[in-house]
Amino acid sequence: MYRIDKSRLAELFAAISGNQDLFLPLRKADQTNYGLWSEEECFDLDTLKTVKSAKDCFFPQSEVLYRCKNEDGKLSIDPQKLCDRPFVVFGMRACDVKAIEVLDRVFLSDPVDTFYAARREHGIIVSLACHEPEETCFCKNFGIDAAEPGADVETWIIEDSLYWKPLTEKGEALTVSLAGLLENADAASAPDAAEKAEKAVAKEQSSIRDITEKLPLSHLNLSRFKPENTMELFDSPLWEEMYKPCLACGTCTFVCPTCQCYDIRDFDGGKNGVQRYRCWDSCMYSDFTMMAHGNLRTSQMQRFRQRFMHKLVYYPANNDGLYSCVGCGRCVSKCPASLNIVKVIKKMGGEA
Amino acid sequence: MQELITRAKELLADGTVSRVLGWKKGDMGWDPEPAYFEKEEDLKDFVYNPFCGANLSKYLIAAGKLEGTTLVFLKPCDTYSFNQLTKEHRVKREKTYIIGVGCHGTLKAEKVLSAGIKGIEDAAIEGDTLKVKTLYGEKEMPLMDALLERCKVCKGKIHVVFDELIGAEEGEEAGPGELAGNRFAKVEELEAMPPKERFAFWQEQLSKCIRCNACRNVCPACSCLKCVFDGNQFDSSQKANVDTFEEQMFHIIRAYHVAGRCTDCGECSRVCPEGIPLQLLNRKFIKDINTFYGEYQAGADTESRAPLTDFTFEDVEPGIVSERGGGR
Amino acid sequence: MQVENTEFRPKIVAFCCNWCSYAGADLAGSSRLAYPADVKIIRVPCSCRVNPMFILRAFQRGADGVILCGCHPGDCHYTTGNYYTRRRMTLLFSMLDYLGVENGRTRVEWVSAAEGVKFSTTMNEFVAKIHELGENVRLEDLRCKN
Amino acid sequence: MHRIGVFVCHCGTNIAATVDIDRVVAAAAKEPGVVHAEDYQYMCSEAGQLKVREAIKEKQLTGIVVCSCSPRMHENTFRQAAQRAGLNPYMVEIANIREHCSWIHKDREEATEKAIILARAAIAKVMLNAPLTAGTSRVVKRALVIGGGIAGIQTALDIAEAGYKVDIVEKTPSIGGRMSQLDKTFPTLDCSACILTPKMVEAAAHENITIYTYSEVEKVTGFVGDFHVEIRKKARSVDMSKCTGCGVCQEKCPSKKAPNEFNRGLDKRSAIYTPFAQAIPNVPVIDREHCIKFKTGKCGVCAKVCQAGAIDYEQKDEIITENYGAIVVATGFDTIKLDKYDEYAYSQSPDVITSLELERIMNAAGPTKGHLERMSDHRAPKSMVFIQCVGSRCADNRGKSYCSKICCMYTAKHAMLIRDKYPDVDVTVFYIDVRTPGKNFDEFYRRAVEEYGVHYIKGQVGKVAPQGDKLLVQGVDLLDNRRILMETDMVVLATAIEPNPDVRKIATMLTASIDTNNFLTESHAKLRPVESPTAGIFLSGVCQGPKDIPETVAQAGAAAVKVVGLLAKDHLVTNPCVAKSDTLLCNGCSSCEKVCPYGAISYEEQEVNDHGIRETRRVAVVNSALCQGCGACTVACPSGAMDLQGFSNRQILAEVDAICR
């Protein structure tokens with residue numbers, strides 16, 4: 001365990017970004033989102049939920065795959081270089097960290113997505129425990145502990161201190177590179193400091209867990225979302241009731257840390273040639289399943305059903321029961337029509 | 001609220017309407033969702049309180065395709081959207097039974113939550129105070145700190161179209177409501193900035209855009225079956241803002257397409273997950289239209305010609321933009 | 001600065017209506033009234049055919065200025081087309097200005113079939129203005145830049 | 001796959017002197033899709049066209065680009081060449097590298113580069129061209145002439161003589177127009193009525209001509225070859241089939257207080273009246289505003305005295321609907337209102353009159369039976385002042401910027417006639433310039449000065465003030481540089497003429513363009529002076545611009561020839577570059593309909609299959625026969641459902657892209 005004064009965070013960030021890119025929640029135009037740190041930027045570790053998750057750092061909303069050019073009849077193809085520079089993502093909450101596991105199972109299983117894999121290889125995640133989880137949080141349902149966010153390094157901000165606990169080799173290496181800044185609070189070399197730190201963190205953790213326990217959405221009944229109920233859930237008449245307010249926008253999918261669908265498109269940049277890029281897509285969009293022969297999901301009900309069936313039934317069925325919802329609650333607070341996965345879980349789970 | 005439920009039940013019972021479009025209680029007290037009620041007993045979940053910000057008029061496009069008449073509850077500003085949709089043949093007036101409901105302002109839930117009010121069950125407006133019923137007792141906060149931006153510049157309590165009114169008086173004065181500030185104040189402030197600063201302002205705001213299309217999909221004026229940004233008509237299909245240009249393009253064209261049709265209902269800025277002040281784009285067009293072509297309120301009626309499908313021989317020339325000077 | 005200015009070759013798109021302004025441009029040509037080669041003309045049936053999308057697209061693709069020419073109000077071949085153009089472009093230009101885009105980059109000019117001189121003068125003025133403003137960077141798409 | 005051919009024309013040295021043709025050919029050849037590129041001295045020549053045709057056949061070209069002069073010159077030439085070679089004529093694009101390039105740029109490098117870019121834009125466009133088929137539409141073998149003055153009569157006679165049916169619609173109770181109000185005509189001084197009435201009679205008697213007097217065009221729809229017109233025949237209150245034109249009713253009519261329009265309000269007429277003796281038809285009209293029967297319900301004198309029983313107080317307006325292949329506008333002119341010219345005391349003194357009023361005073365059938373006298377006291381004047389350019393050539397916005405063209409000549413005529421008949425009357429003319437271009441015109445004017453002793457003073461009159469029974473005229477003599485203050489008995493104002501105020505309404509109905517002075521615009525100032533830019537609409541007489549009688553008659557004949565040329569065809573080829581709505585994208589919002597100047601867009605409830613969703617939707621439908629292809633609808637349409645064939649969104653964008661590349 002290590003410690004650093006909260007007042008010295010800017011120094012810490014400067015040190016990290018000295019060796020690699022640093023992404024962390026930045027306050028810009030009244031909103032907090034992950035962004036590349038520089039001294040001019042204003043970081044914001046108090047906002048619990050960034051608007052978009054940290055997903056962008058590994059799976060950006062859009063990225064070029066390759067470029068083609070036709071010069072005087074000669075075609076050339078120029079593949080996009082893979083990420084080859086280490087970077088740090090600081091401040092990811094437990095839910096977002098868990099979401100990376102969901103993405104890993106998609107992108108790192110065969111066939112491996114090389115763009116994603118390169119970023120995962122070079123990215124170091126420093127997580128941050130949630131000091132005060134909010135009403136919209138329901139990560140507990142998915143076995144996530146907001147008090148112990150995991151990843152390469154996990155941290156807690158308690159009063160004036162940030163406690164820093166490396167968990168992986170990558171985390172250790174990062175910690176070593178910051179040796180001048182981080183005060184040692186290791187049990188072996190600095191027992192006093194270690195005791196103080198352990199105590200503070202333990203207290204914080206129990207406080208977080210107490211809050212989480214009491215949150216209104218912490219005790220959802222997920223028992224019906226099992227592979228054996230797939231057809232029953234799929235055919236439920238409740239979808240028809242629930243989807244109606246849905247505006248078919250992509251807010252839920254774009255703020256979601258686990259949504260992983262993308263589209264591949266071309267942009268003709270004239271003399272600069274054609275860029276083939278991919279960008280996030282949303283299963284809520286009417287053209288998501290548009291193909292040459294037509295559209296196989298013709299109604300918003302089908303699209304709505306797809307999103308939640310995927311999160312709660314299809315994905316877990318293919319991934320050892322792992323739900324592809326992490327309970328971050330972004331959709332709960334952002335859906336323009338106040339629809340969200342919690343309402344679906346309750347309704348389909350027989351609670352409401 | 002009970003009055004609304006009672007009346008809705010009556011209308012369902014006597015067969016006047018086949019369904020009711022209103023708002024349904026959410027999980028949290030602050031997240032009611034738009035909902036259809038087809039049976040009298042379903043109405044137990046009906047709710048109408050200051051958290052019911054959603055403008056239901058756009059849902060009537062879909063409702064118009066259903067059998068029978070739909071009862072809808074519209075707040076004063078929502079009725080303008082309904083009229084505009086009627087004018088554009090998108091909704092069916094004859095298949096809609098409109099109950100105009102009184103409104104004293106709608107809330108931005110995030111603002112109430114971030115004021116530290118938790119366990120919200122219900123809310124009511126009393127004068128300039130918001131009284132929130134919570135699990136932990138009644139809480140209060142200044143109304144102005146909790147309102148949606150649009151309500152701070154309320155266009156008034158008049159319902160421009162309705163079959164009956166509940167909680168609102170017929171013949172209310174047209175014109176700004178009691179809260180109304182100058183809705184063009186921020187537009188004017190931007191106009192007064194040097195172009196470079198204006199550019200920086202918009203750059204910062206628009207770069208937040210995640211292209212979720214919530215603004216477009218909620219907008220009653222954006223009622224295209226297929227948006228130009230989803231299709232290939234202009235080779236303009238965009239799914240993400242791959243370049244800053246695409247942020248500009250999307251928002252300029254969207255605002256342009258609704259220019260003269262936008263009633264300033266404020267739904268776009270209400271739903272933007274990134275809090276982009278989209279109303280400032282629409283209001284710029286509204287302000288210009290008012291200045292150049294005379295006061296015009298989209299949705300005030302169903303007959304008048306929209307400013308962009310109309311002209312006079314004496315209209316100003318486009319050169320007026322540069323004549324007014326770079327600072328403008 | 002001087003050197004930079006002489007090297008800058010702006011890209012300028014001119015939309016001209018078939019009946020008046022395109023003919024005006026033809027007259028400028030047959031009268032040998034010079035204007036910079038940076039101006040490239042696209043023929044449209046009427047100024048009211050010009051969609052704001054076309055103008056934005058031109059800027060996206062690297063145009064530094066876009067000018068739209070049509071018949072004088074009252075003289076439209078289609079009677080009323082340019083009256084709509086006038087409103088559309090006034091509002092569009094005002095919006096671009098509001099977003100901080102230099103307002104000299106867009107212009108509307110009414111040029112009749114008889115106004116070859118006006119066509120040439122207008123183009124000379126417009127190109128000069130674009131030189132003054134320099135390269136368009138506020139409405140650019142980096143993917144289309146060199 | 002596209003197989004595009006590019007043909008670069010040298011145009012002698014017109015293009016080749018400034019544009020490096022070889023480089024343009026080489027650059028074009030490298031463009032994707034281009035399979036053939038060549039150049040030739042004169043592509044528009046028969047030999048050049050042959051090259052185009054051969055290449056199309058040999059290389060199986062799917063589209064061609066001709067880099068040459070303006071498409072306004074030879075687009076049609078190359079379209080026809082393509083068609084002859086079996087290629088759809090709309091698969092042709094022109095890159096204008098002459099007017100827009102070689103002729104305006106001196107630097108060869110610059111001009112060559114630009115020519116290459118223009119060629120590329122045309123190639124990019126042609127790749128997105130679609131074969132279009134021009135449709136045909138029927139031609140109704142009947143013409144409509146709006147206005148029954150000399151212009152309208154002449155046009156109608158010429159059309160009728162060629163063997164086609166023609167209808168004249170005249171607003172007033174008789175045909176004849178302004179010319180019937182004139183006394184004598186310049187420069188021959190022959191009697192206006194004497195030369196006009198035979199034409200009126202001929203028109204009325206012609207088997208191919210139908211005359212609707214006291215009628216107005218109410219509504220026009222349709223398009224060239226097939227206009228649908230509604231004509232309102234106003235209630236005359238006299239049965240035309242019964243009336244014998246005896247005139248007793250007018251004599252006995254007790255209401256004689258209506259201002260006589262034909263005499264410019266200088267005297268009064270009865271409530272039942274024919275405007276003038278030679279009126280055609282010679283059937284009176286009851287002016288319901290002044291008729292006692294209509295005002296009070298009592299009277300009925302005319303009905304009692306009418307032997308033929310022709311009076312019909314119950315008569316109603318009648319709407320006649322008819323189809324026409326062509327429409328001629330011959331709505332003529334009126335003099336401007338003088339309310340902005342207080343300095344001439346027109347409204348204060350009855351002795352200040354307009355020239356047209358003077359015509360009536362001089363006319364034997366006029367208010368004074370042809371005696372020159374003052375309207376105030378019926379005394380013969382001893383001196384008269386004519387003021388020229390009242391409201392013409394006006395720099396401020398009180399009057400008209402243009403020259404009314406006829407005033408100089410009729411003033412000389414008036415002066416000469418007065419001096420001839422009343423040699424003791426002193427006549428002075430104040431003028432800015434005397435304009436006499438025309439056969440025997442200047443000679444005529446000089447006779448007025450030299451033989452008849454009319455005083456011409458170059459200068460303007462600042463003020464006319466009634467003083468006792470005289471008029472005090474203040475003016476300047478610019479040649480002698482002196483101020484003039486003179487007393488006179490009568491002042492005649494050469495009042496500017498302007499198109500009949502109704503013409504704007506008519507132009508809107510016809511979608512014919514009109515200028516700021518309300519003159520109808522001709523399609524081309526030199527080459528198409530009697531055609532409106534709107535197909536099927538022709539212009540005759542002063543509605544197009546100030547003219548004297550011979551010019552009017554000449555133009556009337558020219559318009560008739562154009563109409564005959566049109567009516568002689570059985571079918572017309574329509575422009576296929578029209579708007580088209582994509583029913584799958586259309587919202588039915590009606591925006592497009594609102595901006596369509598031709599009423600070409602309507603809405604239908606259509607069954608659609610939108611990628612599996614079947615439903616009935618309200619969608620826009622374009623009547624391709626009515627659409628003229630302006631494209632206003634395409635921009636009004638937010639969803640992009642409405643597009644313009646031949647100038648589609650994607651075609652224009654492709655040009656933009658190519659230019660900005």
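Visitor: Hi! What is the area buried between domain 1 of chain B and domain 2 of chain B?

Guide: About 2100 Å², with carbon and sulfur atoms giving 47% of the buried area. Buried area here is the accessible area (1.4 Å probe) that two parts lose on being put together, summed over both. This is a predicted model: local features need pLDDT of at least 70, side-chain atom pairs count only at pLDDT 80 or more, and totals for chains, interfaces and linings use all residues. Residues are numbered from 1 along each chain as its sequence is written, chains are lettered from A and ligands numbered from 1 in the order in which they are written, and side-chain values use heavy atoms, leaving out hydrogens and water.

Visitor: Thanks! Where are the two domains in chain B?

Guide: Domain 1 covers 1–181 and domain 2 covers 182–328; such bounds come from an automatic or database domain assignment. Their C-alpha centres lie 26 Å apart.

Visitor: And how many residues does each domain bring to the contact?

Guide: Domain 1 of chain B brings 24 and domain 2 of chain B brings 30, where contact means heavy atoms within 4.5 Å.

Visitor: New topic: how many salt bridges are there between domain 1 of chain B and domain 2 of chain B?

Guide: Three. A salt bridge is a side-chain nitrogen of Lys or Arg within 4 Å of a carboxyl oxygen of Asp or Glu.

Visitor: Which residue does B:Arg283 form a salt bridge with?

Guide: B:Glu149 is the partner, and the closest N and O atoms are 2.9 Å apart.
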